[in-house]
Every structure is written in structure tokens, then in C-alpha cells.
Amino acid sequence: MTILERVLGGNIFYDFWKQVQQYIFSEKRFIQLITLQPIEIYNTSSELEIDNAKISLFIRSTVENIMQRRIDKTINLLTFNLAGNQKKDSFTYDFDVLIRAQMLYKDVSVFFNHHFSNQSYPIEEKKYYLTIENFHFHNHGTKAVVDVPFTLDAKWWIFKRKMTGTAIFKGSVNFHHPKYVVKTRNLNYELETKSFILQVIDKFYHKELIKFLAEFLQYNFKEELFHAKTEAQLQINEVQSQSNWINGSINDLDLERITIENDGIHGVFLAKGKLHMIR
């Protein structure tokens with residue numbers, strides 16, 4: 001299971017829909033109708049641990065105000081706006097689930113170290129091996145920064161040399177260009193090393209390495225969101241199977257944005273759907 005599926009999985013949508021059924025016709029809802037604002041029916045927070053890294057989740061959901069719907073319908077009737085009056089089914093209402101996920105930089109480092117540190121990667125079989133010691137994430141304004149100490153083992157026939165250095169990467173996050181793709185923008189790096197050979201390699205291949213990394217560091221999350229949306233609907237179906245007067249469907253689940261903040265990486269997911277009142 002991928003990281004986005006794990007973040008959006010669990011009992012998020014099960015708990016949300018259970019709360020919908022308990023709250024949609026409660027006394028509090030009728031008090032909120034007076035404000036003509038969307039009705040908040042779910043607001044909670046939790047913490048998730050993935051591969052020893054912690055992710056904070058803040059979940060909020062609202063349902064379209066039913067009183068406002070009836071006012072709009074009356075206005076459309078009085079102004080003979082038949083098209084507007086027929087735009088929405090009187091027994092179907094919009095709802096959304098907003099999920100804010102936050103991971104501190106120390107936890108981002110923990111996650112990457114869990115998967116990629118202290119491992120050797122062959123650059124050219126039997127000639128060059130790159131060992132990444134660890135990852136240390138932080139930020140510089142709106143740019144993410146990661147310090148990567150590494151060792152490069154070079155073997156040419158009888159010649160053997162081990163060279164060490166630290167690559168300091170800096171770049172911004174770009175997403176939805178194209179759709180469902182996260183990639184780096186304005187990526188660059190600095191090399192700190194006492195190795196003359198590494199300095200020479202960096203001098204001649206700096207631009208080529210940046211181009212390679214920019215193309216390599218891309219992530220398509222379309223399939224993950226599809227599976228997360230399917231799982232969300234299954235959770236809702238499990239709850240609403242116990243009711244014969246209300247059901248709901250998730251129409252869309254998307255990553256709204258990713259931002260680099262002073263405390264860590266923030267992601268915002270938005271699920272939109274329809275709540276159907278059974279007539």
C-alpha cells in the first residue's frame with residue numbers, strides 16, 4: 001500500500017459517515033440553519049504513524065445548508081428561473097471532507113531514512129557505487145532543503161577509491177502540472193567535499209545531474225487517489241447499509257495542494273460528494 005493510500009485510509013470516511021447519520025437530523029443542525037452557512041458535521045484530529053514517521057491529520061466536513069437550498073429554490077420560483085430551480089434535486093445535497101495532513105521535517109527525514117539510507121546504489125555495475133548515509137530535511141523559505149551525506153566507491157581495474165561528500169539539494173514542489181503529478185521546480189544542489197575527483201565531476205556534469213534528478217524526482221499519484229476513493233466509498237457503504245433513509249457517494253477525491261512551511265510539509269486533500277435523502 002502506497003503512502004497516500006495509507007494517509008487517506010484507516011477509518012477516516014467510516015467515522016465521518018457515521019457522524020453524518022448521527023448528526024444530520026440532530027437539534028444542533030436546526031440551530032445552524034438560521035445562519036445559512038454550510039453545516040459543519042465533523043471536525044476531528046488524529047495522528048498516524050507510517051514507517052516510524054508521524055503524520056498529523058486534521059479532518060473537517062460540511063454539508064450544504066438545507067435551509068439555504070430552500071431559499072434559493074423559492075427565489076428561483078419567484079423570478080421564474082426554472083433552469084436554476086431544476087439545477088439540483090431537492091433531496092440531494094453537496095458535502096465535502098477536507099483532510100489536512102502535516103509532517104514535521106524530522107519525520108520526513110525519518111521516513112526517507114527508513115526507506116533509502118544506508119544503502120548502496122550501483123551507478124555503473126562493478127565500477128561506481130553510491131551509498132547514501134542519511135537524509136536531513138529542513139526548509140529555506142518556501143523551498144525544501146535536504147542534506148544528503150554520501151560515499152562514492154569507484155573501482156577501475158586495480159584502482160580503488162572511496163570518496164565522501166555532502167549534497168545539499170534545494171527546490172520547490174510543483175504539482176498538478178500535469179494533472180496528478182508531483183515534481184520539483186527550480187531544483188539545484190551544492191556539493192561539499194574535499195575530494196578533487198568529485199569536484200571535477202560536479203564541475204563538468206552539474207547541469208546534466210540536475211536535469212536527470214528533475215526528471216527522476218516525479219511522482220504520479222493518480223492511481224493512489226483512485227484506490228483511496230474506492231476505499232472511502234466502501235467505508236461509507238458499510239455504514240449506510242444500516243440505514244434506509246440516507247446514503248452518500250464520493251464523486252471526487254483530489255490532492256488540493258502541497259506547501260512547504262516552516263514546521264514541515266503540508267498537504268490538503270478534498271473529497272466531494274453527494275448526500276441523498278431517500279424519499
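**Rings, core and a bent helix**

Guide: At 28% relative accessibility, Phe112 counts as partly exposed, because buried means under 20% relative accessible area, exposed over 50% and partly exposed in between (1.4 Å probe, protein chains only). Phe137, at 14%, therefore counts as buried. This is a predicted model: local features need pLDDT of at least 70, side-chain atom pairs count only at pLDDT 80 or more, and totals for chains, interfaces and linings use all residues. Residues are numbered from 1 along each chain as its sequence is written, and side-chain values use heavy atoms, with hydrogens and water left out.

Visitor: How many aromatic pairs are there?

Guide: A pair of aromatic rings is described by the distance of the centres and the angle of the planes. Rings of Phe, Tyr and Trp (its six-membered ring) pair if their centres lie within 6.5 Å; planes under 30 degrees apart count as stacked, over 60 as edge-to-face and the rest as tilted. The count here is 13 aromatic pairs. Phe112 and Phe137 have ring centres 4.9 Å apart and planes at 45°, so the pair is tilted. This pair links distant parts of the chain, 25 residues apart: Phe112 lies in helix α6 (residues 105-116) and Phe137 in strand β6 (residues 136-140). Helices (H or I, at least four residues) and strands (E, at least two) are DSSP runs, numbered from the N terminus.

Visitor: Which residues form one aromatic cluster?

Guide: Phe111, Phe112, Phe116, Phe135 and Phe137 do.

Visitor: Which residues have the most contacts inside the largest nonpolar core?

Guide: In soluble globular proteins, nonpolar side chains tend to be buried together. A nonpolar core is a set of buried Ala, Val, Leu, Ile, Met, Phe, Trp, Tyr and Cys residues joined through side-chain atoms within 4.5 Å. The largest one has 61 residues, and Phe13, Phe16, Trp17, Ile99 and Phe269 have the most contacts inside it. Leaving out residues up to four places away in sequence, Phe13 touches residues including Leu8, Val97, Ile99 and Ile250; contact means heavy atoms within 4.5 Å.

Visitor: Where does helix α7 bend?

Guide: The bend at a residue is the angle between axes fitted to the seven residues ending there and the seven starting there. Helix α7 (residues 196-216) bends by about 70° at Tyr205. Leu198, Asp202, Ile210 and Leu213 are buried in α7. The buried residues of this helix pack against β7 (143-156), β8 (159-175) and β9 (181-192).
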